[in-house]
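Please work through the following exercises with the sequence and the structure at hand.

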Amino acid sequence: MLTRRKFIGLAGAVTGGALFLERGMAQGARPVLRKPIGEKPLICPYCATGCGMIAAVQGGRLVNLEGDPDHPINQGALCSKGQAARGFVQSPYRVTKVLYRAPGSDRWEEKDWEWALGRIARLIKDTRDRGWVEVDDQGQVVRRTESIATLGTSVGSNEEAYAMSKLFRALGIVYIEHQARICHSSTVPALGTSFGRGAMTNHPIDFKNADVILVQGGNPAEQHPLTFRWILEAKERGAKLIVVDPRFNRTASKADIFAQIRPGTDIAFMGGMIRYILENKRYDEFYVKHYTNASFLVNPEFKTATELDGLFSGYDPEKRTYDTSTWAYQVDENGQVRTDPTLQDPHCVFQLLRKQYERYTPEVVSKITGIPVEKLLAIYDLYSSTGRPDRAGTITYAMGATQHTYGTQHIRTYAIVQLLLGNIGLPGGGVNALRGHSNVQGSTDFALLYHDLPGYLGLPTGDKPTLEEWIASRVPKANYAPSANWWQNYPKYFISLLKAWWPEVDPKEAYGYLPKLSPHKGGIPDKSADYSHYAIFHAMLAGRIEGLIAIGQNPANSAANANLARKALDSLKWLVVVDPMETETAAHWKRPGVNPKEIQTEVFLLPSAVWAEKSGSITNTGRWAQWYDKALDPPGEAKEELWILTELVQRLKKLYAEEGGPNKEAILNLSWWEHSEHMAEEVAKEYNGYDLTTGKLMAKFADLRDDGTTACGNWLYCGAFTEEGNKMARRDPRDTHPLGLGLFQNWAYAWPANRRILYNRASTDLKGQPRNPAKWLVRWNPKEEKWEGDVPDGVAPPDKALPFIMLPEGVGRLFAAQLKDGPFPEHYEPWESALANLISGQDKNPVCKVWVGDLDVYGTPEEYPIVATTYRLTEHWHTGMMSRNVPWLLEIQPDPFVEMDVELAKSLGVKNGEWVRIKSARGEMKAVALVTPRVQPVKVGDKTLHQVGIVIHWGYQGGNPGDSANQLTPQALDPNSFIQETKAFLVRIEKI
Ligand code: SF4
């Protein structure tokens, strides 16, 4: 058997040539841009559309950055942020030296890397060992440390995310989180339980194939401008655009129908849509019968929220949790689900769905949402017109949908509507989550989240002490034939991951190296099993976490209830920030209103390279992993993250070899890479995987084995970097589909298996023939016995596997028993709301997780009568570090502002352009009043509600400091994903 190091020697010799060929092909395929200076392909570092750029470098300086004309998504265009990205590289705010702040000091000191890395390695070891938990309070071996947390990053490369994921787990850290938790974490369980995978089903270009597009809870014209161009292309082809949003935004300006919705009432709106589709028989009957669980029979004891006044059967008010035993399918003696193909049985999913939504009449929905009945009906009629094989409808969204105490169930409503209309698996269809950070998809795939391992394999729990027990608990049993039940391959992926991390160690022993979670005890909140983003800050406040490593994440601004987060940072003994700028997090000890002498945190600011200064891949919102090349060196003493991590690993291995420590073998036996200019490629080869018997790179995940003879760091990316070369670097700009559907299968690499549209076999009939031949995506060729078109979602013949191969049922779930707050979505009011629930006696999500304490306080409508929501600007990016520090962008949008309606402004005596103070129960901020008819008061019954929108990008550091909207927002969380409710909360406003 070959060791990894021997393997690298062999593989490098083989793949170097292949890579050259790949790139040689690519260069020949694109129109030649001839300039007398070096050109490098890059991918934009801002949103996750994944636009291509061409960098021109002369004398080590970036002299030009422009849109890549060959790139299939942006075709040479860039939005304002992309165009200004050169200003990010050359920002005057770049940190170029290692900075150190001693406890209680009021200033930074310059240090060298050697000293800083040595000190940090020592702190990590001492803190880790001190906080070591060998056995939890249930007597289970868990081998974890609870005294260190890590945050970040969604803007690094896949290679960095993989390396971080690997190192942090080897250290036994469980508090591992990144930005996905606070932006799209609710998307993952919603889509995962509905379809089998938690990612965007289609991709940006595919919007052009839609007949109707519903944008709800997103604003792509401003947040994903080059994705929005494909929506405009669809409109030019005759498609209709519906926008549902609290504000008349730029996306709405292009809509055929715009509806202003009261923030936080989206489930009511979509519940009304479900009812309309059922009552008016707008559903796709073939699809519903064959490709969903509509016919499945459920336990007769199950009760919908219609029958139990807003609750489902099994609710325990004391524990605030559900006993889900009545949510199970009825099964026969072989464990197979009983069905009623006529869909008439009162206990079948289809009839239960009817029962659940019978209350969501247009009149009731109108009262809850503030949308007039006629407009509701017009939208429902137009959107449900796609419930035919020859029409396709797509739903797209972003944070407006996800950031709620019922965010997961909100996204579930999209999944249910799309399954009813037969819109999943076809071009122009899907549920399309638009991710906001350039690599938030990749960092999720590589498991920078506490509960997971790369490839969504799940972090083991202490009640499964052996590898065999863990694997047995993770392999589902197919319960409805013919299901491919793809997760039956779990043992191959999990054991190959262990071999990638610890190649010299028996997987049974390596399993013992991994930290384990304590299994949920069932109660909410369950602190023993929650290491998520907001649990980190509460553990810091309580003194349980001593050290935080923040790489490319700025929680002092990005966390809801930012005042709490900043105070939590003050409680740390040490803080390591790896960032190209001095973020609010790095500078928390000198923020306005605090005395640095009273803050004893030892702080390190390690200057890092930005994206143009290193090679790697990032995965866009449509799952395309795209490679980019290093264009120039970082300035001063700034370093690439892979270099920093490698230096730390070397020091930690030395410390553990010399001094020992708990579970030291996990660190000493951990495979790692040597410094080299091709290090990112070596990392990519490891997560692609290799055959330990031959040293060859794996060609596809179907070839992985569970006998310890294959290594693969992330099975989903197996096939991305093979003996044929780096497929993520492919740049053939020709569409590969004969109908020009925009698949571009030879451009970059889409996980899984280079499939461009997930669940694509659902676009065919039972014989594998397209239900819409005019827009066929895949089809079965019976003569050659193979699929044609997009990479099929499962290669089995049509009669051997149903389209939703990741689910044991093989069909999409209208009814999903896996979520904590119900098998169907139900409307509840936001945690802070000005109104009582009008559809049931259950006001709030009964199982949402709400932190309560001195700093976790909530307002009443009497004190805080205005409904607030937050949003982003085209010219800025999240906490502002990558945009307020770019002078060109700051000049366009210099100040934080709040959009308010004319009537509200008048009542406050505020004129457009004046500064106001906005207060919530948790804090206050100053902002410029933007008085505009783009927001309107909502009439609900005899009440008039005013709603305001607040931009989020400011903080006390960098260009033109200002207040953060997160000084106002609450930490009330969705129970399935622990995402916070920042899109609907209460404030009051005063003129300054
Ligand atoms: S910010 Fe997004 S839309 Fe704009 S250029 Fe970058 S990737 Fe494209």
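**Exercise 1. Determine which side chain meets that of Lys 849 in a salt bridge, and where the two residues lie.**

Solution. 

Step 1. A salt bridge is a side-chain nitrogen of Lys or Arg within 4 Å of a carboxyl oxygen of Asp or Glu. By this rule, Lys 849 meets Asp 530, with a distance of 2.3 Å from N to O.

Step 2. Lys 849 belongs to strand E28 (residues 849-850), whereas Asp 530 lies in the loop between helix H20 (507-513) and helix H21 (533-541). Helices (H or I, at least four residues) and strands (E, at least two) are DSSP runs, numbered from the N terminus. The pair is 319 residues apart and links distant parts of the chain.

Step 3. Lys 849 and Asp 530 are both buried; buried means under 20% relative accessible area, exposed over 50%, and partly exposed in between (1.4 Å probe, protein chains only).

The model is predicted: local features need pLDDT of at least 70 and side-chain atom pairs count only at pLDDT 80 or more, while totals for chains, interfaces and linings use all residues. Residues are numbered from 1 along each chain as its sequence is written, and side-chain values use heavy atoms, with hydrogens and water left out.

**Exercise 2. State how many salt bridges the rule gives, and describe the setting of the pairs Glu 233 with Arg 237 and Arg 388 with Asp 390.**

Solution. 

Step 1. The count comes to 59 salt bridges.

Step 2. In the pair of Glu 233 and Arg 237, the closest N and O atoms are 3.1 Å apart. Glu 233 is partly exposed, with a relative accessible area of 27%, and Arg 237 is exposed, at 51%.

Step 3. Arg 388 and Asp 390 meet at 3.0 Å, N to O. Arg 388 has a relative accessibility of 44% and counts as partly exposed; Asp 390, at 43%, also counts as partly exposed.

**Exercise 3. Describe the open sheet that contains strands E1, E2 and E3.**

Solution. 

Step 1. The three strands follow the order E1-E2-E3, and their pairing is antiparallel. Two strands pair if DSSP finds at least two bridges between them. In general, strands of a sheet pair through backbone hydrogen bonds, either parallel or antiparallel.

Step 2. Strand E1 (38-43) and strand E3 (61-67) are the edge strands, each of which pairs on one side only.

Step 3. Strand E2 (residues 52-58) is joined to E3 by six bridges in the antiparallel sense. Ile 54 stands opposite Glu 66 in E3.

**Exercise 4. Characterise the second largest cavity by its volume and its lining.**

Solution. 

Step 1. On a 1 Å grid over the protein atoms alone, a cavity is a set of points where a 1.4 Å probe fits but cannot get out; lining residues have an atom within 4 Å of a point. The search finds five cavities of 30 Å³ or more in the whole structure.

Step 2. The second largest cavity has a volume of about 100 Å³, a volume being the space filled by probe spheres set on the grid points, which are joined across faces, edges and corners.

Step 3. The lining has 13 residues, and Cys 44, Cys 47, Thr 49, Cys 51 and Cys 79 lie nearest the centre of the cavity. Helix H2 (80-83) and helix H9 (225-236) each supply at least two residues of this lining.

Terms used. 1 Å grid on protein atoms, 1.4 Å probe; cavity = no way out; pocket = protein on both sides within 12 Å on 5 of 7 lines; lining within 4 Å.
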